[in-house]
Amino acid sequence: SALLTNLADLEQRTTSNRRAMDDDSMMVGELALVYRDRLLSGEDLTTGIVPYPFSSWNKALGGMRRGEVVVFAAQKNVGKSFIVHEIAFNAMEQGLRVVCAELEMLYDQTIMRLAARQTGIPSRKLEQASEQLSPAELTLVDQTLLEISKAQENKLLVVPAHKCATPAMLKREILRFYGSERPDVIVIDYLTQMRPSSGKSE
């Protein structure tokens with residue numbers, strides 16, 4: 001029928017246009033038509049999108065796409081590490097494979113931030129748990145840490161500084177733990193502390 005013919009033509013144009021979007025430079029008018037075809041074809045345009053942990057960011061930016069490089073740059077002590085760890089934890093809770101390269105923080109700081117996120121207890125309070133936490137809060141933290149340790153779906157690899165000092169070292173650790181499965185999100189805190197691999201400009 002004419003309808004089936006039109007749908008087949010739309011599918012063919014969409015496939016062709018998607019390939020063009022990947023391969024060619026395009027004027028914005030042509031790009032608008034390509035996107036229109038994809039939209040009208042019923043294609044799931046959210047495939048490959050990793051949501052931010054903040055709803056206002058998702059509303060404004062639509063989340064992160066796999067393959068994108070997102071850099072957070074700001075002055076000291078304004079919350080860059082907090083943001084990237086929230087992104088990592090949120091991605092983990094979405095069932096994604098995550099790598100967190102810790103070039104600044106220690107293991108206990110990473111897990112403390114995750115415990116703070118899942119219990120609602122401020123991380124500053126967890127730093128002095130023996131003095132600051134009530135018995136009920138201490139029990140909650142204990143249960144949360146046990147749940148994190150047992151949850152098989154928690155695919156968050158934390159790599160310490162001496163194992164990710166260069167891109168090649170980080171890649172080696174990712175391959176060691178994930179093998180052929182590529183991670184969905186890689187967080188590096190801080191990128192400026194990573195040095196080039198020997199003989200390479202990475």
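The structure holds six salt bridges, a salt bridge being a side-chain nitrogen of Lys or Arg within 4 Å of a carboxyl oxygen of Asp or Glu. Before we visit some of them, keep in mind that this is a predicted model, in which local features need pLDDT of at least 70, side-chain atom pairs count only at pLDDT 80 or more, and totals for chains, interfaces and linings use all residues. Residues are numbered from 1 along each chain as its sequence is written, and side-chain values use heavy atoms, with hydrogens and water left out.

Let's start with arginine 66 and aspartate 184, whose side chains meet in a salt bridge at 3.1 Å, N to O. Arginine 66 sits in the loop between E2 and H4 and aspartate 184 in the loop between helix H9 (167-178) and E5, so this pair ties together parts that are 118 residues apart in sequence. The H and E names come from DSSP runs, numbered from the N terminus: helices are H or I runs of at least four residues, and strands are E runs of at least two.

Next comes glutamate 93, which forms a salt bridge with arginine 117, the closest N and O atoms being 2.8 Å apart. Here glutamate 93 belongs to helix H4 and arginine 117 to helix H5, so the pair ties together parts that are 24 residues apart in sequence. Glutamate 93 is partly exposed, with a relative accessible area of 39%, and arginine 117 counts as partly exposed at 25%.

One more pair to look up is lysine 125 and glutamate 137, a salt bridge whose closest N and O atoms are 3.0 Å apart. Lysine 125 is in helix H6 and glutamate 137 in helix H8 (residues 135-150), so they tie together parts that are twelve residues apart in sequence. At 26% relative accessibility, lysine 125 counts as partly exposed.

Now zoom out to the whole chain. It has nine helices and five strands, and from the N terminus on, the elements run α-α-β-α-β-α-β-α-α-α-α-β-α-β. Of its 202 residues, 31% count as buried.

On to the pockets. A pocket is found on a 1 Å grid over the protein atoms alone, as an open set of points where a 1.4 Å probe fits, with protein on both sides within 12 Å along at least five of seven lines; lining residues have an atom within 4 Å of a point. For a volume, grid points are joined across faces, edges and corners, and the space filled by probe spheres set on the points is taken. About 760 Å³ of space lies in the largest pocket. It is lined by 25 residues, and the closest to its centre are Val69, Val70, Val71, Ile186 and Ile188. Which element gives the most to this lining? That's E5, with five residues. By class, the lining of the largest pocket divides into 16 nonpolar, three polar and six charged residues (Ala, Val, Leu, Ile, Met, Phe, Trp, Tyr, Cys and Pro count as nonpolar, Asp, Glu, Lys and Arg as charged, and the others, Gly among them, as polar).

The second largest pocket holds about 520 Å³ of space. Of its 21 lining residues, the closest to the centre are Ser81, Phe82, Met105, Arg113 and Arg124. H4 gives the most to this lining, with six residues, and the classes come out as seven nonpolar, six polar and eight charged.

Finally, a couple of backbone details. A cis peptide bond, with omega about 0°, joins aspartate 189 and tyrosine 190, and tyrosine 190 is found in the segment after E5. Asparagine 77 has a positive phi of about 60° although it is not a glycine. You'll find asparagine 77 in the loop between E2 and H4, where it counts as exposed, at 80% relative accessibility.

Note on methods: Buried means under 20% relative accessible area, exposed over 50%, partly exposed in between (1.4 Å probe, protein chains only).
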